[in-house]
Amino acid sequence: MGRSATTKDAHALFHSLRSAYAATPNNLKIIDLYILFAVATAVIQVAYMAIVGSFPFNSFLSGVLSCVGTAVLAVSLRIQVNKDNKEFKDLPPERAFADFVLCNLVLHLVIINFLG
Amino acid sequence: MATQETSQSATFRHAFGNVLSFAVLLLIGVMAFSIRLFSVIKYESVIHEFDPYFNYRVTQVRLVFVYGIFANSFLRDQFVYPLGRVIGGTVYPGLTLTAGTLWRILNSMNIPLSVETVCVFTAPVFSAFASLATYLLTKEIKGAGAGLTAAALLAMVPSYISRSVAGSYDNEAVAIFALIFTFYLYIKTLNTGSLFYATLNAIAYFYMVCSWGGYTFIINLIPMHVLLCIVTGRYSPRLYIAYAPLSLNVVSIRMLNITFRREKAASSQASSLISEVKLGIVRVVMVVLGTLLAALVPVVGFNAVMTSEHFASFLGHAANLQMSFSNSVVFIIIHVVALVYYIKGILSPQMFKVAVTLVVSVGMVVCFAVLAVLIALVASSPTKGWSGRSLSLLDPTYASKYIPIIASVSEHQPPTWPSYFMDINVLAFLVPAGIIACFFPLSDASSFAVLYIVTSVYFSGVMVRLMLVLAPAACIMSGIALSEAFDAENFLIKAGDTTKVTQNDVKHEKSEDTIKERSSRKSKKKDKENIERPSLVSQVEKRLLVLPLETSVIAVFLLVLLGAFYVVHCVWAAAEAYSAPSIVLTSRSHDGLHVFDDFREAYAWLSHNTEVDDKVASWWDYGYQTTAMANRTVIVDNNTWNNTHIATVGTAMSSPEKAAWDIFNSLDVKYVLVVFGGLVGYPSDDINKFLWMVRIGGGVFPHIKEPDYLRDGQYRIDSQATPTMLNCLMYKLSYFRFVETDGRGFDRVRNTEIGKKHFKLTHFEEVFTTHHWMVRIYKLKSPRNRIRGKTKKSKSKSGTSTSSKRSGTRKKNPWQ
């Protein structure tokens, strides 16, 4: 009895999440896709490291960190571009994107230096 | 018509205020620069103390040899002979690079300043920048009025002056500026939520990491503040943008720092690099993955920490681990919180509750599993994963029990109460008022300021050296307090005045103009906001008028007087207390000013009269100066962390002549340098430091027992001294021929006559004593060529020659 209630709840939750998410505008969905891609790449790299071994460390680290880094930056971009966010309503999305690019530049500069 | 006038006059006042604050800032910068020039005026433009000489040396060599292997091997071999010291891996490059860049820029503009001049004046220039950074930081927290006050206070605070006078070419000179600037950028990011400032923040943090070991303070304070904000319900997207990119950039910057140091280290420090990288893995994996791999990798990482013994980085790997750990935890937390808020935003409240219950029940199990594994791993390491220096911060008595080297540095002692008053003076009273002012209203930035002051007060109570980190926090708080006080008084003054005027609008404006001129220029900005609501004031002030007008005027006057006392104290402290270069000493007597330039005299003698590859042994204080000025290799210097090496030198100084000669000979030493203050009354000489030599030496070599040197629990050098004391090398080298000066051998520092007055040195010969007998240099006598009637195997003593003992059974004597 309790379990069916929880599964029913889970289903209802899942549905409401899905419907709420479907309402998000397209540009945000694109950013979310990019985040997913970055995290997936990181996961693949770690899985590879688990299989093959971790030498050389610095390359592994820089690879994973670049994925995670650009994911985090994309999340920040999403926060700034989202029209529902009252705090950022007078920040033009072009400016947000320019900041995103700049941050990525700095991050990848460091990453490439560490790549070895 | 009236409103047009008001808006026009408002913009005019706004512009006037801007120009005024710019002018004030310029003056503050000039004041910050000039107050640090006392030592240049009183003595000369020379580099002070001990540590700055090392930095100066590195800067010199780097500029000459540019970069690369040769510079590193040159530097490495000169310090801490024969072990060598890996300059690349153990030196913070920020300061030397900054000064080097400044020198290059100036040279390219055809301003031919010498490297020494640039090094001497780097600190005052950067303290002017630091006041500017304080203005920016406090402006973000409270407003421009508070900013100007805080900047003015920081320009003069004695604690900061003490480490950044002209000539004090040390890491802190640049690092405090980097610290305040990083904090400013963090708060700016927090306030605006702009990714641009987040990037700048990361770059500023990188500069800080390059400059000083105190960067750990930033990297622990910021996650603490993020946690505080989350816990008090102040999570916002701006917080995420402020912290998450910084945290990631922090990791990547640590890695960059590793590569930086790796390039500069001539010898491969590959093993330490890999272990540092392994530590980086801990945080990355914890951040991205989840349970299983997080459990797997730290096993490797922790082992690397527990078995690695040499400290290639300043804080050791264990402290890095702790930082990575805390950072990763907060990183995960902020992502979880962000996700929660996001889901809360898109779901209805009822659904959200369902989601919460589901996630919590599942997540708890996973969390506990991970935590249990990690705690087990951390608990299995002997010091729970912390390094000596960090541990001594948490438990102040740790160092004195276990690590005598750290305990012996005077900067690492806890401060006394008077030193608080000496170093931050009036600010000590204003800080609590500032803390209270931060709560009205409490914003993210002001909660950060409160956290900063609380943590820095704690740490400054542990180590005197960390008073320096307290200084900016105290200035910010006091700036806020003073500015708020002035605001309140001005408001009351204005309110008190307007009650005497009729309700006519025109007359309102006139009276506010006159009052404005009377008010302090520092609260200009706040005044403008008040002026824009003239009608409200007249109604409100009747209720708020707590103090009569006269009291407010007196209060303003008293606050100004407080500021005046502060200024007077700061100037006095800068001029008298903190401007001594300690390489040149002066004293006034009835026949004028005496200058004691003995140190430089001795180093100049060394550089002119010894061979280039002669080694000089002295106590570690003088290592840097010897290398920088005498250009000779030393055995131990100010940064030697190798306890055994220092203990060897300490043992040699505490042993009788023959044993000492043996030890020094095994280290290839040619000259021994001793500092002696007994003739002139210089209190920081080697006899006063002798107890540390005995303690450190005794800590490693058990045949040195401290009670052998003590009579009634005291170190004495008079006739009551123990025979061990009277026979040890330090006594002999300090007091050799001392009785010839005044016939009695009266030591002015210990205020007694010495015990053993007439003796000869058998294994050392005196080669140089400076003018005031402050530095004495001895040469090791080479062993005799021929021993009269002595065979190698025979143990019988022939004659009274002590050289018979020299052909000892232990050491191989190349001359026999």
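# Chat about a predicted two-chain model

Modeller: Setting aside neighbours within four places in sequence, B:Ser45 is in contact with B:Val40, B:Glu116, B:Val120 and B:Phe121; contact means heavy atoms within 4.5 Å. This is a predicted model, where local features need pLDDT of at least 70, side-chain atom pairs count only at pLDDT 80 or more, and totals for chains, interfaces and linings use all residues. Residues are numbered from 1 along each chain as its sequence is written, chains are lettered from A and ligands numbered from 1 in the order in which they are written, and side-chain values use heavy atoms, with hydrogens and water left out.

Biologist: Where is B:Ser45 placed in chain B?

Modeller: B:Ser45 is in the loop between helix 2 (38–42) and helix 3 (51–65) of chain B. Helices (H or I, at least four residues) and strands (E, at least two) are DSSP runs, numbered from the N terminus.

Biologist: Why does B:Ser45 count as partly exposed?

Modeller: Because its relative accessibility is 28%. Buried is under 20% relative accessible area, exposed is over 50%, and partly exposed lies in between (1.4 Å probe, protein chains only).

Biologist: How many residues are in the hairpin link from strand 1 to strand 2 of chain B?

Modeller: Two residues. Strand 1 (residues 585–589) and strand 2 (residues 592–596) run antiparallel and are joined by five bridges, and B:Ser589 has B:Gly592 as its bridge partner.

Biologist: Now chain A. How many helices and strands?

Modeller: Four helices and zero strands, in the pattern α-α-α-α.

Biologist: What's the radius of gyration of chain A?

Modeller: 19 Å, while a compact globule of 116 residues would have one near 13 Å. That's over C-alpha atoms, and the globule rule is 2.2 Å times the number of residues to the power 0.38. The C-alpha trace spans about 55 × 45 × 20 Å along its principal axes.

Methods:
Two strands pair if DSSP finds at least two bridges between them.
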